[in-house]
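Dear colleague,

Please find below the structure that I am handing over to you. My notes on what was found in it follow directly after.

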Amino acid sequence: MKKLLLSLAAMATISTAYAQKVLVLYYSETGTTKTVAEEIKTQTGADIEGIEAVVPYSGNFQETIQRSGRERESGETPALKPLKKRIADYDVIFLGYPIWFGTYAMPIATLVKEQDFAGKTVVPFCTFGSGGLNTSSADLKKALPKANIAAGYGVRTARVAAAPKELDRFLKENGYKQGTVEKLPDYSAQQSVTDAERAIFDAACSSYQFPLGTPQTFGKRTTSDSTDYKFTVKGRGMNGEESTSIIYVTVGKAADAKPEFTEVVR
């Protein structure tokens, strides 16, 4: 009888968790964001749909930057093909996009202008070269004041292979998927960078196509999978002025693991 009651309780919990209708809605130019979107669908069982521009972006980096730059300056947004799914039919929308100019890609600008997200829980997820989850989430809050913009997930394009494991944690931590995960420890207090930490930072960041700055201080934590670093970094922003950012670096437990930077928060 006890086992039966426990089984029924577990079924009730699962039923409650999936009572809400969930849609994974994403724009992907090169396929990277699509990979993450499909992983979310696989792990949650949600419905999924890709957003398409009437005039597609080319997939060429320079051409995309030039076109989206013109659109931003003019205030124009690209026309989109009609959605097959109805946002009104869903409670939770996982909204995915690549980061352009530090925020969500231009097709998302059209989407949030034309569609009604009032009362919906919107979960941002994005792919990026260095960062942009925090800034794009803030922009979504401004664009969709009547929606609940929840904590989001972001991954560097160079690290998209890490997305399945990271999403498993993210989805469980935030109640979108059944299960529990190890609670991550806090980072230590910031302390001055020594040659050892500078070498880890350089190994993780020196190959990036743009300068990321010079580490000043760091915090550290150890998990069952990795040793993670939170660097405070001084550099120069796009306008040439001095700026401070936070750069996260992780080093896996394997003997041959190489340091990787996971995100820049500006």
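Just after helix α3, G75 takes a positive phi of about 85°. The model is a predicted one, in which local features need pLDDT of at least 70 and side-chain atom pairs count only at pLDDT 80 or more, while totals for chains, interfaces and linings use all residues. Residues are numbered from 1 along each chain as its sequence is written, and side-chain values use heavy atoms, with hydrogens and water left out.

Helix α3

Helices (H or I, at least four residues) and strands (E, at least two) are DSSP runs, numbered from the N terminus. Helix α3 covers residues 61–74, and its end C-alpha atoms are 20 Å apart, which agrees with the 20 Å that its 14 residues should span at 1.5 Å a residue; the expected span is 1.5 Å times one less than the number of residues. At the start of α3, a side-chain oxygen of N60 comes to within 3.1 Å of the backbone nitrogen of Q62. The buried residues of the helix are T64, R67, S68, G69 and E71, where buried means under 20% relative accessible area, exposed over 50% and partly exposed in between (1.4 Å probe, protein chains only). Their cover includes β3 (92–100) and α4 (106–114).

Aromatic pairs

The whole structure holds 14 aromatic pairs. Rings of Phe, Tyr and Trp (its six-membered ring) pair if their centres lie within 6.5 Å; planes under 30 degrees apart count as stacked, over 60 as edge-to-face and the rest as tilted. The pair F218 and F231 is tilted, because the ring centres are 6.3 Å apart and the planes stand at 40°. Since F218 lies in strand β9 (residues 214–222) and F231 in strand β10 (residues 226–236), this pair ties together parts that are 13 residues apart in sequence. Both are buried, F218 with a relative accessible area of 4% and F231 with 0%. F231 also forms a stacked pair with Y229, their centres being 5.8 Å apart and their planes at 15°.

Residue T250

T250 is placed in strand β11 (residues 242–252) and counts as buried at 14% relative accessibility. Its side chain makes a polar contact of 2.7 Å with the side chain of D228. A polar contact is a pair of N or O atoms within 3.5 Å; within protein, one must be able to donate a hydrogen and the other to accept it, and residues adjacent in sequence count only if both atoms are side-chain atoms.

Yours sincerely

Definitions and conventions:
Contact means heavy atoms within 4.5 Å.
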